[in-house]
Structures are given as structure tokens and as C-alpha cells.
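Please open the model in the viewer and follow the selections below in order.

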Amino acid sequence: MDEILEVLEKDARTSAEDIAKMLKKKPKDIKEKIKKYEKEGVILRYKAVLNKDLVHDEDSRLRALIEVNIVPQKDVGFDKIAERIYSFPEVSSCYLISGSYDLLVVVEGKNIHTVSSFVAEKLSCLENVRGTTTHFLLKKYKEDGVILKHKEENKRIAISY
Amino acid sequence: MKNIISNKVKQMQPSGIRAFFDLVLGMKDVISLGVGEPDFTTPWPIREAGISSLEEGFTSYTSNKGLYKLRLSVSRYLRNRYGVEYCPDEEILITVGVSEAMDLALRTIINPNDKILIPSPSYVSYGPLTELAGGIPVYIDTQKNRFKLTPEQLERHIDDKTKGIIFNYPCNPTGISYSRKELSQISKVLSKNNVICLSDEIYADLTYDFEHVSFPSLPGAKDNVVYFNGFSKSYAMTGWRVGYACGPKEIIAGMTKIHQYTIMCVSITSQMAACEALHVGKDSVEKMKREYARRREFVIDGLNSIGLSCHNPQGAFYAFPSIKKTGLNSLDFAQKLLKEEKVAVVPGTAFGGEFKDYIRISYASSFDNLKEALRRMSVFLKKQL
């Protein structure tokens, strides 16, 4: 992977000027490369990684992982039905999976009722959906490589040879 | 009461900057660029191996030389990496870090008043360990040649009492390393004069501009070399205290004699973890190295642009810039910088009395810390000049 991406994936706020210094390149070249990545869709967007357990407001969200069994369609396989599912705003992630079911759909809702009514009234009623199994998420420990804990104190002694 | 302490210990030079270290440790909100260890935690698979070994009940002594499977892994690693053959039975000793290994080697080869050459600035323990072993450290000041030892300079310092040289590359504190050609020239001078090379290559995996060349892999060098390496820097395992020495079997046998009476063996938990490091660690080493390499560019560029001229270090995670233009000596500079801007660096004099015009900066710190530290140093320098 290009080191520019490695740096940005770790901290998207790193400026092109700083990346240029780290990689001994010209800031202009770094900016152009980043533009290119954005245009090609390699970099989709920049966002903060939140620990939502610490966000205390009425908007706190409940998450569920839903296994979905599907009857594939002629010519388009799973793609068409997947599109119908992931287009719902309640769906935050959607993956095609090998194994005993087909789609893994991550749904976010205000509470257990909003999530279950989405499953019962929208998802399950779709023509090609054969069945669903819903798992409510109880606690998040690690997400996308980030461990969701308070920053640990520095354990190194401040000065050593 | 006055005769309790031996003359030898009384004569040892105490570190002149202990008081400065205490000052740093007593202060809050300091950004420290004074740390001589990685800012990564030991990769999880290695930690997990240590934990499992405890769960399985591995809590005993090991062979004095160290676990056979660890010596075998070290032997294979050195063959694959550098093409050097060391027999795990007789030519490898597992030690409590390179620190212990260096002490053992010096005590094994030194007769009273033998001279040991030490290119300086140098890591803090080399001189005192030489003196404790009854030898005489002969420092070779490398300042004039951008901190690189030249073959001519080396030859000038050798006489008939010269027993060995402690050669450390990439170097703590300068980050300087040597190319194959430079090493070959040095090796020839050493062989010609029968000087044993104690080659401390603990930072080998953190070499950025070229492939690290191991001293015993040089043609004709191996019989005259004790090679030192360990797990501290490559695998972020400083607190585990595992290192090793490889060399001619007579020297390793001598070192093992001292080791078996003083240490017996390295902690088995650490040895088990170290085995895992050699098996799974390569990817994490590469990742850490890329990260350090980026920080190096950033820090060297930053130091030069705020007006502290700095040579380009090829390895380790240190920069050794000159502070001469501030007119301050290194200890005053470090104290003032700490008090006024809360940035800690190590005065150059820690690594040899002559280096009062330098400070050591460690870039084993997060990018945000480095950036903020450079900003504070820039403010500080504007006030001095």
C-alpha cells in the first residue's frame, strides 16, 4: 500500500505538508496524489472514529447484526437484492458472506423497537428474502482496528539511554 | 565506615546528568524526546506466547546457555538474514539483554590494563563496563568525520595493548551506520592487528537507507568477532530483557562460565516470548521500521529548519543535532529547554564529555508529540539567538 494511504488511514488529519516531510516528497505531489485517490474512490471520505458508548444523548444508537438468507436472482445474483437492502438508511453496513447465510446486514436504530420493526416490516417482507436471524450488539470492544478504551497512560519512563 | 565501598566502584564516574534525569521525572506535562526505547508495545502474539507459557507451567530454570529452541531459532535467523553460521550448541549464548552480554564479553577477554577502543560518542555503559573488567577504555572521537570511524583513525589508535573494539552500529546516540565498503575497510584493520570486534548491532533492524550488513558476515571477519543482538528494539521488548551473543566457541564458553555463576539463565517467560518473536515478528518489524523512517524524515527536516544543524542518521531512532550556535553547553541547553518549554532531551555529554555541543533526540515518540516538540523548540531557539 502507498505510504500516503498508510499515514492517512492512521490519522486523516495529517496535512499534505507533513506527509511530504515524512516521505521526502514535494507537498504539491502529495496533494495531487491525494486528489487522485479521492477521485478514484480509493479515499472515500474522512471521518472521526467515535466511541459511541461515551456519547450521552438521546440519539444513542442500538446496533444489530442480521443474517439474511436470500434467493439469488437470474443474471444479477445477489447484487440487486443487496442494493435494495443497503439503500435503507437504517443499514450501516452490508456484506455478502460465504457459509450458512448470504448477507450480513448491520442495522442501527434508536431502540429495540425501531430495529425490530425494520426487520419485521421492511427486510423480511422483501420478495427474495427467505429468512433472517437478528443479533443485538451488547458491547463493543474493538472496531476497525481501534480498541474502544480510554487512552492508557504512558508506561515508559520519561528518559532513558 | 569509610572503607565499605571498593576503590574500583569509588573510581567509577557517576553519570553527570543524573540530577537532570531526576528533574525530568519530577515534572508533569513534559514531552519527552529522551526515551531510548520504542514507543510501541510488544506485538500481541509475542505477549500472548509469554502468557501461554505461564499458563502451561513453564516456570523453571533453563539451560545456562538459554532454551535450545531459542538458540536454534537465533541460529536460523542469522543464517537466513545474513548468511552467517553459528552453532546453537557452542556459539550462541542467551543473555539478559545486550548489556549483560557486553559485560560478559569484556570480562572474558580483558587482562588487567588491556585497552578497549570505543568510538565516541558512545552508549553509556561501554566505558564503565570496560573499567570494571580491569581494562582501559580508549575513546576515539568521531566528531570531525560526521561521527563515522575511519580506518586511518582506527589504525592510529591501535597499539600492542589493544585487545578489542566496541563497535555499535546503527549507533546510539548518533544514528550513524556503515555501508559494506566502510565495514570491510574497518574489518581489515582489525584483522591485521588482531583486535577483537565486539559488534553491538541491537538497532540492525532499524536501518533505513540501505540493508544492514552484519560484521561477522564480512569475508574473513567472523573468527575475530563477537556479535550482539537482542529483542528490545526490533520487537519493542525492552522490559523482557532478552539478548544474545554469538562468537567463537572459546569466547562463548568463557562468557557462559561467568553467566552461569552470576545470572544462571534468562527468565524462561522472556525466552519463550522471544522464540515467538523470531517466528512471527517480521511483519511487525517492517511496519515499525516504516513508521520510524517517516518520523526520521520529519524530525531531521524539522531540526534543520528551526536552525539546529543535524547530519542524516541512517538508523536507530536518534538524531544528534549540534546546538553550538546557541552558545549554551548541552546540559544548560537541556535544563533550560525543559524548564521553559517542557521538552526533555538528553545532553550530549551523557555519551562522552567532549559532546557538550550536542543533544540526543529520540524520535521514538508519536507524530503529534514530535510535531509539538519541534514547535516548542523553535520558540525556545528564537529566544536564545
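Select chain B and consider the contacts (heavy atoms within 4.5 Å) in chain B with a separation of 6 or more: residues 24 or more positions apart account for 75% of them. This is a predicted model, in which local features need pLDDT of at least 70 and side-chain atom pairs count only at pLDDT 80 or more, while totals for chains, interfaces and linings use all residues. Residues are numbered from 1 along each chain as its sequence is written, chains are lettered from A and ligands numbered from 1 in the order in which they are written, and side-chain values use heavy atoms, with hydrogens and water left out.

Next, show chain B as a cartoon. Chain B has 13 helices and 12 strands, which are DSSP runs (helices H or I, at least four residues; strands E, at least two) numbered from the N terminus. The radius of gyration of chain B, taken over C-alpha atoms, is 21 Å, close to the 21 Å from the globule rule (2.2 Å times the number of residues to the power 0.38) for 385 residues, so chain B is as compact as a globular protein of that length.

Colour chain B by accessibility. Of its 385 residues, 59% count as buried, meaning under 20% relative accessible area (1.4 Å probe, protein chains only).

Finally, select both chains at their interface. Here 18 residues of chain A are in contact with 35 residues of chain B. The two chains bury about 2200 Å² between them, this being the accessible area (1.4 Å probe) lost on being put together, summed over both. Highlight Arg156(A), Ile159(A) and Tyr161(A), which supply 42% of the area that chain A buries against chain B, more than any other three residues.

Note on methods: Buried < 20%, exposed > 50% of the residue type's maximum accessible area, 1.4 Å probe, protein only.
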